[in-house]
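Try each one before you read its solution.

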Amino acid sequence: MSEMKSNTGGNILGTQDVRKLLFKFAVPSVIAMLVGALYNIVDQIFIGQSVGMLGNAATNVAFPLVTIATALGLLFGVGGASNFNLYLGAGNRERAKKVVGNALFLLTASGLIMLVVIHMFLDELVTLFGATELVFPLALEYISITSYGILFLIFSTGASNMIRADGSPKYSMYCLLAGAVLNIILDAVFIFGLNMGIAGAAWATVISQVVSFLMAAVYFRKMKSVSIGKNDFLLKWGIVKPILYLGASSFLNQIAMMAVQIILNNTATYYGGLSVYGSEIPLAVAGVISKVSMIFISIIIGIAQGGQPIAGYNYGAKNYGRVKEVFKLVIGISLLISFVSFLCFQLFPLQIIKIFGDGSDLYFEFAVRFCRIFLMMMIVVGIQPASSILFTAIGKSHKGIFLAMIRQVILLIPLLLILPIYFGIDGILYAGPISDGIAAIIAFVFVYREMKELTRLENEENLKREKSAEAV
């Protein structure tokens, strides 16, 4: 018992019941992730109802930039949070606070750089992301405005992970929730009250992101576990390198999503133009379905992120039995969420699509087919993102990176490029379930092997404790 206390340091992450801890950390994390998804979905709904199908297509074109910003936020936020918990678990508070300072600096700097790059290559980016001639002006207007919120989006995304790692999951949730609620209110006021159209949705997003940023920034003046000073913000490669290493999995997962979105937009536009549906219908549908499916993926990621500080701290403290329990709980809940999402997309595709505005019979016909076929394997999709995050949490970023890449880069992108050559627009639809199914099988094998390794480490640690107790 005395050895356990020395490993945990009295921290609740190492002592409290794992189920209660996961609930405490995962619920705010899930809400925070849903907030991020709702930013885009709420805009999509309001724009779809006011501007129509072309408006939906325009926000789809803008989505890769949001994904890049989220990727940078997770690179430094998840990387910072994972290292922070590992160092706290090992009792190294001095290094833990330097991780926070360096991560905050990197979040701010990357936001400023991205803002400059967007405005330097704005027209080229809109074209690259798949805008057709009809969609281009709307997408250009939307992106040119929302780009001013990029810095605030990156910072609040990354900071929320470190706030949660510091033991304040509720405050992390409030930061993002406040912005989401404000975004809904301002969308209604700007779009319908002031008739600002797609520009109103863009300004609503920017203002809301500023509010989330300010709430997150204030927290770091007085953290629970450490107190950061000016010197902690000075970049040191010895601090930055492990941040990049443990944040790489989440970062690459988002970059892969961006690459998939760009390729999906362009292939849907090209092969849609060769079909009865035309170019705009597949482009709009792909955007709507991608964002709706992200609701369920966000819940799964939120649950896994809730388990991240628990798994990371206990792995650092060599409490491997608790790490195993986190793995089992997170994977099990993720698969349950996957099953629910599968039922929704298979049973209610038309009802889901109609939330995002009206369209032609051809539009709804393609949307229903896309929903049911492309998302056919949602029933098992949860294991891949959940296991990727958990591997990163325990310092095994190489496994997390591979699992993050397998579904989208190694499988989905090649399938999106190859299958349509032979099967036209239907090839795009079937690329989804094939990649989801194979990725789930591979992730299961990784998790099974890791559970065996954790059991081995747990047995070794128990043996050491028994010998230590006998010696005393």
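**Exercise 1.** Does Tyr-271 count as buried or exposed, and what is its relative accessibility?

*Solution.* Keep in mind that this is a predicted model. Start with the cut-off: buried means under 20% relative accessible area. Tyr-271 comes out at 16%, so Tyr-271 counts as buried.

**Exercise 2.** Describe the ring pairs Tyr-270/Tyr-271 and Phe-370/Phe-374.

*Solution.* For any aromatic pair you want two values, the distance of the centres and the angle of the planes. Under the pairing rule there are 14 aromatic pairs here. One of them joins Tyr-270 and Tyr-271: the centres are 4.9 Å apart and the planes are at 90°, which is edge-to-face. Now take Phe-370 and Phe-374: 4.9 Å between centres, but 20° between planes, so this pair is stacked, as planes under 30 degrees apart count that way.

**Exercise 3.** Where do Phe-370 and Phe-374 sit in helix α15 relative to each other?

*Solution.* Helix α15 covers residues 361-374, and the two Phe residues lie four apart in it, about one turn. Residues three or four places apart in an α-helix point the same way, because there are 3.6 residues a turn. Next, check burial: Phe-370 and Phe-374 are both buried.

**Exercise 4.** Where does helix α11 bend, and how many of its residues are buried?

*Solution.* Then count burial: 26 of the 37 residues in α11 are buried, making the helix mostly covered.

Technical notes
Residues are numbered from 1 along each chain as its sequence is written. This is a predicted model: local features need pLDDT of at least 70, side-chain atom pairs count only at pLDDT 80 or more; totals for chains, interfaces and linings use all residues. Side-chain values use heavy atoms; hydrogens and water are left out. Buried means under 20% relative accessible area, exposed over 50%, partly exposed in between (1.4 Å probe, protein chains only). Rings of Phe, Tyr and Trp (its six-membered ring) pair if their centres lie within 6.5 Å; planes under 30 degrees apart count as stacked, over 60 as edge-to-face and the rest as tilted.
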